[in-house]
Amino acid sequence: MKNQNKGILKKVLNYIGKYKFFLLCSIVLAAISVILTLYIPILTGRAVDCIVGAGAVDFDGILRILKQMTIIILLTAAAQWLMNACNNKIAYQVVRDVRDEAFKKLEILPLKYIDGHSHGDIVSRIIADVDQFSDGLLMGFTQLFTGVVTIVGTLLFMLSINVTTTIVVVILTPLSFFIAGFIAKRTFNMSKVQSETRGEQTALIDEMIGNEKVVKAFNHEDAVREQFDEINLRLEKASVKAIFFSSLTNPCTRFVNSLVYAGVGILGAFLAIRGRISVGQLTSFLSYANQYTKPFNEISGVVTELQTALACAGRIFEFIEEESQVPDAENAAVLTNPKGTITMENVSFSYNPEQKLIRNFNLEVQSGQRVAIVGPTGCGKTTVINLLMRFYDVNSGSIKIDGTDIRDMTRKSLRDSFGMVLQDTWLHAGTIRENIVMGKPDATDEEVIAAAKAAHSHSFIKRLPKGYDTVITEDGGSLSQGQKQLLCITRVMLCLPPMLILDEATSSIDTRTEIRISKAFNTMMKGRTSFIVAHRLSTIREADIILVMKDGNIIEQGNHETLLKKENGFYANLYASQFTA
Amino acid sequence: MKSLLKYIKDYKKESILAPLFKMLEASFELMVPLVMASIIDHGIANADTSYIIKMGIVLVLLAAVGLISAVTAQYFSAKAAVGFATKLRSALFSHIQGLSYTELDTIGTNTLITRMTSDVNQLQNGVNLTLRLLLRSPFIVFGAMIMAFTVDVKAALIFVVTIPLLSIVVFGIMIASMPLYKKVQAALDKILGRTRENLAGARVIRAFTNEESEIAAFEKENELLLNTQVFVGKISAAMNPVTYIIVNIALVVLLWTGAVRVDSGIITQGAVVALVNYMSQILVELIKMANLIIQLTKALACAKRVESVFAITSSMGDGKLTAHASRSKNDTSVINNRNTQNNAAIVFDHVCLTYSGGGDESLTDIDFTVQKGETIGIIGGTGSGKTSVVNLIPRFYDATKGCVMINGVDVKDYKITELREKIGIVPQKAVLFKGSIKENLLWGNENAAKEDLEKALEISQAKEFVDTKEGGLDFMVAQGGKNLSGGQKQRLTIARAIVRNPQILILDDSASALDFATDAKLRQAVKGMKSDMSVIIVSQRASSIQYADKIIVMDDGRMAGIGTHEQLLAENEIYQEIYYSQFPKENTEKNA
């Protein structure tokens with residue numbers, strides 16, 4: 001654990017290292033401002049000593065002291081401001097650097113990672129964790145640093161005035177730690193109950209409000225209300241307890257501070273009577289007594305904050321250091337206008353080593369041929385797409401396009417040569433037009449409209465409030481599933497690469513829209529090598545090659561006729577059950 | 001904010017006592033410098049040890065009384081704040097339960113969930129802080145000034161100048177930086193949005209090799225965030241140094257004035273020390289107050305958001321008729337009623353529907369009648385308005401033109417709960433709730449006996465798989481029904497609607513995850529239920545509705561045809577298109 005933290009700290013320092021100059025400035029300025037701040041009470045004390053009584057005021061002395069004070073005040077303020085500015089600069093720039101790095105990483109991570117990890121978790125690493133890490137670490141650092149300087153400085157200043165009083169302060173202070181620790185321990189369980197109950201309530205809110213329409217359809221509003229109020233009352237009880245007890249820390253530590261203050265007051269007064277210290281020095285002492293305990297309270301907070309910050313930093317670095325996808329080979333070929341002959345030779349692939357999926361698979365697709373992939377849902381039809389687009393690499397064997405292994409060409413040129421429409425539609429937050437031109441950012445309006453017409457999406461886009469400039473949200477907002485898919489088709493229609501990968505729609509789209517979509521597909525496929533995840537009988541029958549998949553495996557291949565002839569073949573059965581009933 | 005205050009009403013006592021005790025604590029704090037001053041002026045000057053000890057004890061007593069007041073205040077404020085949040089949450093939840101579909105559509109459930117959770121929690125913290133600190137800090141600031149007056153009027157004038165100056169600076173900087181913080185938040189949201197998008201769309205982005213441009217866009221947005229942050233940082237970084245200067249310069253002036261006044265014998269040395277102490281107390285409180293105000297603005301923003309939810313009221317008025325009354329009062333209360341349709345289960349009388357904010361009409365001139373005991377199929381393309389039609393029956397939405405009648409009575413005249421009780425609806429999305437299968441089925445009818453549940457399971461073709469589950473009816477469904485397959489969930493939602501024993505059963509494309517055979521069995525079993533139940537089946541599969549008494553073909557929000565399967569197949573072009581896309585001609589011919 002320690003070593004791990006050390007490793008993280010080292011990486012953090014690497015990032016900060018770029019801003020060495022600011023860091024150095026910040027440290028120097030912090031030291032200066034703390035020491036100057038601490039010097040003010042001493043000067044105040046001296047000034048007080050010049051004001052002994054009626055007719056006994058040393059005006060010359062006081063004037064000199066006040067002049068000094070003014071200069072020091074201005075210097076302190078300047079140092080404080082500059083220090084803050086430096087800290088901000090470091091903190092925000094480090095955050096920017098880390099985020100840029102993380103985002104770049106995101107674009108080159110293998111899809112395996114993205115598929116296998118919760119997106120919410122990754123987002124929270126890049127956004128929340130980075131924020132917390134910069135706040136906690138950098139602010140924590142400066143607080144820790146100024147805190148320590150303050151404590152040491154105060155001690156030295158106090159010792160320089162009077163040793164006995166200093167000892168009283170030093171002995172009484174730990175009391176406040178003790179009390180704070182005691183309270184924290186006691187309240188831990190109460191906070192736990194509180195957060196558990198809160199979690200329970202959030203789950204209910206999520207479930208019921210998330211499905212409010214069903215609740216209403218069944219007149220269940222009152223029952224749900226009751227359920228909610230029951231948890232709500234429990235939460236109230238738990239919260240009052242947790243909040244009250246944990247809020248005791250402040251008054252209690254303040255009480256200890258007051259005790260220190262009283263102690264210093266009495267002792268100082270006695271010493272003053274004996275002439276061991278002056279009234280002015282007593283004043284300085286009193287203000288030190290007020291200040292001295294504060295950094296201690298802060299530091300105990302800072303330590304936990306630093307720990308959380310380190311944990312956050314650890315999470316973000318873990319992400320940044322994930323293994324990237326294999327980079328393009330140095331002499332990687334650039335695939336230009338491929339004819340579209342695709343050969344798969346002895347391809348084996350599996351997502352995890354224990355479960356073999358595709359074994360020694362061979363396939364030969366001529367330029368312009370159509371390949372239909374069929375099989376029950378969840379049989380792993382996307383695996384083929386994953387391999388062709390090189391989202392995943394084969395474990396052994398090879399996939400060649402026009403005779404070149406796809407691992408020997410640049411990913412960019414490979415993917416540019418494929419047009420892909422997935423059933424799982426994905427849209428950018430932005431205008432409709434921005435979404436269409438993804439593959440061809442410099443397309444003219446005419447081209448966009450022509451593509452939309454070809455994809456049968458023009459008519460519904462036209463009817464949107466602002467046509468092609470309508471802004472849609474990430475999840476497509478008010479667009480229906482079919483409309484979203486038509487948009488994705490338009491996107492491919494605009495640049496029409498030589499090879500296609502198409503995922504036919506299933507249940508979420510009605511048959512008439514589906515007909516429109518398949519018309520669009522047919523236009524696209526003319527003369528292009530195409531892979532279609534097929535559901536419609538007509539598509540399947542017209543295909544040159546049919547791949548039948550089951551449980552991730554390709555179990556049969558051939559064309560409609562040959563597969564039907566296969567006695568008891570999976571395809572033959574599938575066909576019989578689905579299309580001839 | 002104002003409208004939310006009523007939720008703290010029940011905690012009036014606590015909300016008054018909490019700040020009072022806080023101020024009591026503050027008063028004791030304010031006395032400390034005076035005690036110290038008298039120690040200096042009497043104790044030290046006269047070398048009076050017993051006086052010093054006495055005063056020392058007074059200091060400890062002040063601290064102890066302060067502690068007790070503070071703890072009391074903490075207790076009352078925790079109670080008031082939590083109580084407030086509890087009441088508010090309950091009221092908000094209740095309010096949301098009362099909204100109609102139209103409002104739920106416009107606000108969005110995600111928003112509602114954040115309003116209920118994080119916003120209310122922020123408000124709770126805000127109230128807690130307000131009760132404890134909002135009065136305390138100004139009290140100490142002005143208290144210190146007044147105490148200064150009791151010490152020496154002329155010296156106190158320095159306070160009179162300093163305090164407003166400080167306030168102007170503190171609030172000025174805050175007001176200046178507040179909108180900028182909003183900008184920071186907006187910039188951060190953009191980055192967050194892009195990250196999320198790039199995760200969800202990783203395949204598409206890579207397929208279109210858009211990685212480079214995405215990185216460039218991200219970096220640009222990130223840089224913008226940095227610049228805003230640094231700019232805001234510069235402004236708010238000025239807060240501490242400037243207040244520091246003002247307070248300490250005031251201190252210098254104070255010392256000088258003090259010196260002059262002491263020299264002429266008007267005040268004592270101890271008084272000067274007391275004045276200096278008051279000045280530093282003010283500085284400490286001001287810093288606290290600045291933090292408090294930042295917290296408060298956040299809480300206020302939350303309050304506004306919560307209020308905006310309360311401001312939305314249901315656009316749907318409740319009717320008065322109960323099911324019983326409707327039958328007897330039929331003739332007098334319903335003017336729109338046509339005699340011939342009196343016995344019809346459902347009548348759509350030239351109905352149009354425009355969703356609020358949705359632009360064009362979604363349904364146009366829908367006109368049909370469903371008799372008791374009839375089965376109606378509705379078929380049509382995505383977005384053709386099938387679901388919109390059935391949503392009008394339980395009054396999820398109100399028709400904008402024309403009217404919908406059930407048993408001869410306008411749905412708007414029914415009490416909504418009465419109306420929905422007659423209807424069993426199975427929505428498109430199969431939603432189940434955390435709890436046992438039994439509990440889920442009881443949503444349909446709380447009073448259903450075990451036999452009723454069993455029967456419903458049989459009809460919905462769910463009995464078989466429920467029996468294999470551990471505990472049968474007591475099998476616990478996980479949140480969102482995650483431990484059931486799509487088909488299983490669908491069958492349970494159908495059972496839930498059947499348990500209700502409804503007069504009208506609506507199946508909104510709710511057999512999509514079932515295979516053809518199960519679907520057919522289900523339809524058969526539903527047919528065998530009580531004879532006067534009307535059934536409406538919405539589907540995209542021609543096979544599901546083929547045998548209905550009447551089929552309505554929807555196209556682009558209009559009825560493109562109505563009739564039996566044979567009639568439609570003979571003359572309706574759209575129906576033909578749909579049918580043959582699913583049953584290719586040669587096959588049908590071969591089988592026929």
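**Entry 1: a helix pair in chain B**

I began with H6(B) and H10(B), whose crossing is right-handed. This is a predicted model, so I kept in mind that local features need pLDDT of at least 70. H10 of chain B covers residues 269–311, and I found that it packs with H6(B) at an angle of about 20 degrees, the axes being 11 Å apart. That angle makes H6(B) roughly parallel to H10(B), because angles under 35 degrees count as such.

Next I listed who makes the contact. From H6(B) I wrote down Ala155(B), Ile163(B), Leu166(B), Val170(B), Met174(B) and Met178(B). From H10(B) come Leu275(B), Ile282(B), Leu286(B), Ala290(B), Ile293(B) and Thr297(B). Sorted by class, this contact has 11 nonpolar residues, one polar and no charged.

**Entry 2: another partner for H6(B)**

I then turned to H6 (residues 153–200) and H8 (residues 211–237) of chain B, whose axes come within 9 Å and cross at roughly 160 degrees. Are H6(B) and H8(B) roughly parallel or antiparallel to each other? They are roughly antiparallel, because angles over 145 degrees count that way. I noted this crossing as left-handed. By class, the contact of H6(B) with H8(B) has 15 nonpolar, six polar and five charged residues.

**Entry 3: the sheet in chain B**

In chain B I followed an open sheet of six strands with mixed pairing, in the order S6-S9-S10-S3-S11-S12. Which strands are at the edges? They are S6 (423–426) and S12 (558–563) of chain B, each of which pairs on one side only. Direction ignored, neighbouring strands here are turned by 15 degrees against each other on average.

I also checked what packs on this sheet: helix H17 (residues 486–499) of chain B does, touching S6 and S9 (504–508). The direction of H17 makes about 175 degrees with that of S6(B).

Inside the sheet, S3 (residues 375–380) and S11 (residues 550–555) of chain B run parallel and are joined by five bridges. Gly380(B) has Met554(B) as its bridge partner in S11(B).

**Entry 4: over to chain A**

For an overview, I noted 21 helices and 12 strands in chain A. The chain has 581 residues, of which 43% count as buried. Looking at contacts in chain A between residues at least 6 apart in sequence, I saw that 79% join residues at least 24 apart.

The open sheet I looked up here has six strands in the order S6-S9-S10-S3-S11-S12 (chain A), and its pairing is mixed. Its edge strands are S6 (418–421) and S12 of chain A. Neighbouring strands of this sheet are turned by 15 degrees against each other on average, direction ignored.

- S9 (residues 499–503) and S10 (residues 529–533) of chain A run parallel with five bridges, and Leu502(A) has Ile532(A) as its bridge partner in S10(A).
- S3 (residues 370–374) and S11 (residues 545–550) of chain A run parallel with four bridges, and Ile373(A) has Leu547(A) as its partner in S11(A).
- S11(A) and S12 (residues 553–558) of chain A run antiparallel with five bridges, and Ile546(A) stands opposite Gly558(A) in S12(A).

I looked for positive phi values next. Most residues other than glycine have a negative phi.

His456(A) has a phi near 60 degrees. I located His456(A) in the loop between H15 (445–454) and H16 (458–463) of chain A. Why does His456(A) count as partly exposed? It has 19 C-beta neighbours inside 10 Å, and a residue is buried only if there are 20 or more.

Asp365(B) has a phi near 50 degrees, and this residue lies in strand S2 (residues 363–370) of chain B. With 14 C-beta neighbours inside 10 Å, Asp365(B) counts as partly exposed.

**Entry 5: where the chains meet**

Methods
Residues are numbered from 1 along each chain as its sequence is written. Chains are lettered from A and ligands numbered from 1 in the order in which they are written. This is a predicted model: local features need pLDDT of at least 70, side-chain atom pairs count only at pLDDT 80 or more; totals for chains, interfaces and linings use all residues. Helices (H or I, at least four residues) and strands (E, at least two) are DSSP runs, numbered from the N terminus. A residue is buried if 20 or more other C-beta atoms lie within 10 Å of its own, exposed if 12 or fewer, and partly exposed in between; C-beta atoms are placed from the backbone. Two residues are in contact if their C-beta atoms, placed from the backbone, lie within 7 Å. Two strands pair if DSSP finds at least two bridges between them. Axes are lines fitted to C-alpha atoms, for helices over the stretch in contact, and angles run from 0 to 180 degrees between N-to-C directions. Angles under 35 degrees count as roughly parallel, over 145 as roughly antiparallel, 65 to 115 as roughly perpendicular and the rest as oblique. A crossing is left-handed if the near helix is turned anticlockwise from the far one by less than a right angle, and right-handed if clockwise. Ala, Val, Leu, Ile, Met, Phe, Trp, Tyr, Cys and Pro count as nonpolar, Asp, Glu, Lys and Arg as charged, and the others, Gly among them, as polar.
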